[in-house]
Amino acid sequence: MKNTLYFLLFIFGASVQVFSQETLLSPSNNTANKKLINSETSELSWFMLQDTLKMKIGSIQTQIQKEKENMYIITTVNMKQSPTKWIDSTIVESETFKPIYHSSYNQQRDMVLNFGEKITGYYLDKQTNTKTQISEKTDKPFFDSNFYPQLIRLLPLKNGYSNTISIFDYNPNSKIGVITATIKNTEETSINFNGKKTQVWKVETTDDISNNTAIMVNFIDKSTRKILKQEIDFGGRKMLMELVE
């Protein structure tokens, strides 16, 4: 049970990312269409896949509040096997998506990041009761790792589109600092969603958080740019997230 929770937490933190030769996408090199995102609330059902079995393990609710200066994203994860919720809160600038704040609370650890000239905050490991003060200096622009899944659906997607995104992530058990997420490929296709044939962008991503071993495939509605479905493969362990409407 504990190992499963560790695995799910890792995936959520990663999820929850062939490198492009283009300049890294970042707040200072931002090709996202900001008009494609507005205040909204969405929910994904989370399933574990094993052979032909599809077992629901939880749900993920995302609330986005877009204001003139800042945008607020709150993600709440409810797991069937966990008595506590996992809550991530992110604040970014509305114009550039430059990160301002990120907090994350779950039964394994608490974390708070304040983005400024330095990245400050703390990381509390609840298993060892160890609290680490964070003070990181960076030399390049980046998006918060918790925001980049939202960024993907705002990009100028087309067949064959690929790119590399500059992100910051703090995880003592993985890499810390400015790393990358990669859009490996994009293709136009259709899926059956709620009994209707729907045109989508199928976007395959990975990232340095998982050492590029976790592959996430996003199915993004071409007209609304909502994420309808996500498929995750992490070393042969497969999961599925589907939009609830």
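Here is a short tour of the model, stop by stop.

**Before you click.** This is a predicted model, where local features need pLDDT of at least 70, side-chain atom pairs count only at pLDDT 80 or more, and totals for chains, interfaces and linings use all residues. Residues are numbered from 1 along each chain as its sequence is written, and side-chain values use heavy atoms, with hydrogens and water left out.

**Whole chain.** Colour by pLDDT, the predictor's confidence in each residue from 0 to 100. The chain averages 90, and 91% of its residues reach 70 or more. Switch to cartoon and you'll find two helices and 15 strands; these are DSSP runs numbered from the N terminus, with helices (H or I) of at least four residues and strands (E) of at least two. The C-alpha trace spans about 50 × 45 × 35 Å along its principal axes. Of the 245 residues, 50% are buried, where buried means under 20% relative accessible area, exposed over 50%, and partly exposed in between (1.4 Å probe, protein chains only).

**Select 14–22.** Over these residues pLDDT stays under 50, and the model has 27 contacts for them beyond four places in sequence. Contact here means heavy atoms within 4.5 Å. Where pLDDT is low, the predicted coordinates should not be read in detail.

**Select E10, residues 163–169.** How many of the residues of E10 are buried? Seven of the seven are, so the strand is largely enclosed by the rest of the structure. Asn-163, Ile-165, Ile-167 and Asp-169 are buried on one side, and Thr-164, Ser-166 and Phe-168 on the other. E9 (143–144) runs parallel to E10, joined by two bridges, with Phe-143 partnering Ile-167.

**Select Phe-97 and Ile-165.** These two have the most contacts inside the largest nonpolar core, which has 27 residues. Such a core is a set of buried Ala, Val, Leu, Ile, Met, Phe, Trp, Tyr and Cys residues joined through side-chain atoms within 4.5 Å. Leaving out residues up to four places away in sequence, Phe-97 touches residues including Met-71, Val-92, Phe-143 and Leu-151.

**Last stop: Ser-45.** Ser-45 sits in strand E1 (40–50). Is Ser-45 buried or exposed? Buried, with a relative accessible area of 9%. Beyond four places in sequence, its contacts include Lys-56, Gly-58, Leu-240 and Val-244.

Methods:
Two strands pair if DSSP finds at least two bridges between them.
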